[in-house]
Amino acid sequence: MVMVLPFVLGLLATLLALSGYRTGAMRVGLATVVVQVAWLMYHATDKLAVTL
Amino acid sequence: MPRLLDTLALGGICAVLLLAFYYQFALGELPCPLCALQRVGFIVAGVGLVLNLRSGYSPGHYGLVLLTSVAAGAASLRQIALHAIPGSGSYGSALFGFHFYTWAFVGYGALVAYTGLALLAEGNRPVRDIVHDAGRGHGTLANVACWLFALLAAANMLAFAVECGLGPCPDNPTGYLWWPRGG
C-alpha cells in the first residue's frame with residue numbers, strides 16, 4: 001500500500017483541472033476516490049472496541 | 001455569485017490544508033494514515049471546485065466533491081470512534097476543544113451541505129446563465145485560490161512522500177522516513 005499514491009493522483013487531477021482538461025481531471029479525481037476508499041478499507045476495517 | 005462561493009469554499013479548503021501544515025511542521029505533529037486520507041478528501045473536493053472555476057459549472061464536479069466528502073468523512077468518523085471511549089486517548093492537539101479529526105468531520109459535513117445548496121441554486125438557474133458564467137474570465141481571486149490550492153496539493157504529495165516513502169505510513173509515525181534526524 002503506497003500512502004503517497006492518492007496524493008500523486010490528487011495533484012495530477014488538480015493540474016489537469018487547472019489546465020482545462022475537464023474529462024481527464026474528472027477521471028483521475030474519481031480514481032483518487034477509489035484509491036482513497038481502498039486505503040480506508042486497509043486502515044479502518046479492524047474491529048473497534050465500541051458498540052455501534 | 002456561485003463562482004464567488006466556489007472561490008470562497010476553495011479558499012476554506014486551502015486554509016484547512018495550511019493549518020494542517022502549520023501543526024505538522026511548526027508544532028511537529030506528524031499525520032497518521034487516517035489523517036492522510038482526510039487530507040486527500042480535502043484535495044479531491046478542491047479539484048471539484050477548481051473544475052467549476054476553470055471549466056464552468058457542472059453537477060458532475062459537485063458529485064466528485066460529494067463522493068470524496070463521504071469517503072473522507074468515514075475516515076474521520078472512524079478516527080473519532082477510535083478515541084470515543086473515555087481513557088482511549090486522542091491523536092494530536094485539540095483546537096477550540098476538538099481534535100482535528102472531529103473538525104475534519106465537521107468540515108466534510110459543511111462541504112456536503114454547501115454542495116447540496118449549490119446544486120439547488122444552480123438547478124434553478126436558466127441554462128443560458130450557467131453557460132454564460134462558464135465563458136467568463138477566471139478572475140483574480142479565483143486564480144489565486146486555484147494556484148494556491150495546486151501548490152498545497154503538491155506540497156502534500158511531497159510531505160507524505162518524505163514521511164512514508166513509497167510504502168504505508170505507520171499508525172503512530174515518529175519521524176520522516178526520507179528525512180532522518182541527525183544524531
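Q: What makes the largest nonpolar core a core, and which residues have the most contacts inside it?
A: A nonpolar core is a set of buried Ala, Val, Leu, Ile, Met, Phe, Trp, Tyr and Cys residues joined through C-beta atoms within 7 Å. A residue is buried if 20 or more other C-beta atoms lie within 10 Å of its own, exposed if 12 or fewer, and partly exposed in between, with C-beta atoms placed from the backbone. In this predicted model, the largest such set has 64 residues, and B:Ile13, B:Val47, B:Val50 and B:Phe149 have the most contacts inside it. Two or more residues each come from helix H1 (5-18) and helix H2 (22-43) of chain A, and from helix H1 (2-26), helix H2 (33-55), helix H3 (59-82), helix H4 (100-123) and helix H6 (140-164) of chain B. H2(B) gives the largest share, 14 residues. In soluble globular proteins, nonpolar side chains tend to be buried together.

Q: How are the residues and chains labelled, and what limits apply to a predicted model?
A: Residues are numbered from 1 along each chain as its sequence is written, while chains are lettered from A and ligands numbered from 1 in the order in which they are written. Because the model is predicted, local features need pLDDT of at least 70 and side-chain atom pairs count only at pLDDT 80 or more, whereas totals for chains, interfaces and linings use all residues.

Q: Which residues does B:Val47 touch?
A: Two residues are in contact if their C-beta atoms, placed from the backbone, lie within 7 Å. Leaving aside residues up to four places away in sequence, B:Val47 touches A:Gly10, A:Ala13, A:Thr14, A:Ala17, A:Ala25, A:Gly29 and B:Leu64.

Q: What makes up the side of chain B that touches chain A?
A: The contact takes 41 residues from chain B and 31 residues from chain A. On the chain B side, H2, H3 and H6 each supply at least two residues, and H2(B) provides the largest share, 14 residues. Ala, Val, Leu, Ile, Met, Phe, Trp, Tyr, Cys and Pro count as nonpolar, Asp, Glu, Lys and Arg as charged, and the others, Gly among them, as polar. By that division, this side holds 32 nonpolar, 7 polar and 2 charged residues.

Q: How many helices and strands does chain B have, and in what pattern?
A: Helices (H or I, at least four residues) and strands (E, at least two) are DSSP runs, numbered from the N terminus. Chain B has 6 helices and 2 strands, in the order α-α-α-β-β-α-α-α along the sequence. Of its 183 residues, 38% are buried.

Q: Why is chain A called more spread out than a compact globule?
A: The radius of gyration is taken over C-alpha atoms, and the globule rule is 2.2 Å times the number of residues to the power 0.38. For the 52 residues of chain A the rule gives 10 Å, but the radius of gyration is 15 Å, well over that value, so chain A is more spread out than a compact globule. Its secondary structure comes to 2 helices and 0 strands, and its C-alpha atoms fill a box of roughly 45 × 20 × 10 Å along the principal axes.

Q: Why is H1(A) described as largely enclosed by the rest of the structure?
A: Of the 14 residues of H1(A), 10 are buried, so the helix is largely enclosed. Among them are A:Phe7, A:Leu11 and A:Leu18. The cover includes H2 of chain A together with H2 and H6 of chain B.
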